Amino acid sequence: TTSPANASEADCFKDCLKNCKLIAPKDPQYCQLNCQDYCEQPDRTDGLSGSVSSAGGETGIFGRNTVVKGEDKPPEVKVPGLDFTSGAGRKLIGY
């Protein structure tokens, strides 16, 4: 069950399975068993569902702290004369 406190946490098994299938696409049983074993560990710190903290989770681009799922946005930097929200600005950064 998901409580309101951990509603933003990604499901450990789904996240693990998705990443494992990228590494071992031809061995679904391997992913199934390994993800089950991984997610059942009581002392995980990956920030996924069932973990004790997010201290070992994925970090933002500066690597300072973990990124809460859904809040992983690039930093906002205001530089006079640069507007990345305009058509020309988005083209400059590849959007």
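Q: With neighbours within four places in sequence left aside, which residues is Tyr-30 in contact with?
A: Contact is to be read as heavy atoms within 4.5 Å, and on that reading Tyr-30, its neighbours within four places in sequence left aside, is in contact with Cys-20 and Ala-24. This is a predicted model, in which local features need pLDDT of at least 70 and side-chain atom pairs count only at pLDDT 80 or more, whereas totals for chains, interfaces and linings use all residues. Residues are numbered from 1 along each chain as its sequence is written, and side-chain values use heavy atoms, with hydrogens and water left out.

Q: Where is Tyr-30 found, and is this residue buried, exposed or partly exposed?
A: Exposure is read from relative accessible area: buried is under 20%, exposed is over 50%, and partly exposed lies in between (1.4 Å probe, protein chains only). Tyr-30 is found in helix H2 and, with a relative accessible area of 41%, is partly exposed. Tyr-30 and Leu-17 stand 13 residues apart in sequence, with 9.8 Å between their C-alpha atoms.

Q: How many helices and strands does the protein have?
A: Helices (H or I, at least four residues) and strands (E, at least two) are DSSP runs numbered from the N terminus. By that rule the protein has 3 helices and 0 strands, and its elements, taken from the N terminus on, run α-α-α.

Q: How many disulfides does the structure hold, and what is their pairing in sequence order?
A: A disulfide is a covalent bond between the sulfur atoms of two cysteines; here the criterion is a pair of cysteine sulfur atoms within 2.5 Å. The structure holds 3 disulfides, and if the bonded cysteines are numbered in sequence order the pairing reads 1-6, 2-5, 3-4.

Q: What does the disulfide of Cys-12 and Cys-39 tie together?
A: The S to S distance of the Cys-12 to Cys-39 disulfide is 2.1 Å, and the link is left-handed, with -90 degrees about the S-S bond. Because Cys-12 lies in helix H1 (residues 12–23) and Cys-39 in helix H2 (residues 28–39), the pair ties together parts that are 27 residues apart in sequence. Cys-12 is buried, at a relative accessible area of 1%, and Cys-39 also counts as buried, at 18%.

Q: What is the torsion about the S-S bond of Cys-16 and Cys-35?
A: Cys-16 and Cys-35 are joined by a disulfide with an S to S distance of 2.1 Å, and the torsion about this bond is about -85 degrees, so the disulfide is left-handed. The pair links distant parts of the chain, with Cys-16 in helix H1 and Cys-35 in helix H2, 19 residues apart. Both Cys-16 and Cys-35 are buried, and, not counting residues up to four places away in sequence, Cys-16 touches Cys-35 and Cys-39.

Q: How many residues apart in sequence are the parts that Cys-20 and Cys-31 tie together?
A: The disulfide from Cys-20 to Cys-31 has an S to S distance of 2.2 Å, and its torsion of about -85 degrees makes it left-handed. Since Cys-20 lies in helix H1 and Cys-31 in helix H2, the pair ties together parts that are 11 residues apart in sequence. Cys-20 counts as buried at 10% relative accessibility, as does Cys-31 at 1%.

Q: Which residues make up the largest nonpolar core?
A: In soluble globular proteins, nonpolar side chains tend to be buried together. A nonpolar core is taken as a set of buried Ala, Val, Leu, Ile, Met, Phe, Trp, Tyr and Cys residues joined through side-chain atoms within 4.5 Å. The largest one has 10 residues in all, namely Ala-10, Cys-12, Cys-16, Leu-17, Cys-20, Ala-24, Cys-31, Cys-35, Cys-39 and Leu-48. H1 and H2 are the elements that give two or more residues to this core, and its largest share, 4 residues, comes from H1.

Q: Where is the place of Ser-51, and is this residue buried or exposed?
A: Ser-51 sits in the loop between H2 and helix H3 (87–92) and is buried, with a relative accessible area of 14%. Leaving aside neighbours within four places in sequence, Ser-51 is in contact with Arg-44, Thr-45 and Asp-46.

Q: What percentage of the residues of the protein count as buried?
A: Of the 95 residues of the protein, 16% count as buried. Among contacts between residues at least 6 apart in sequence, 25% join residues at least 24 apart.
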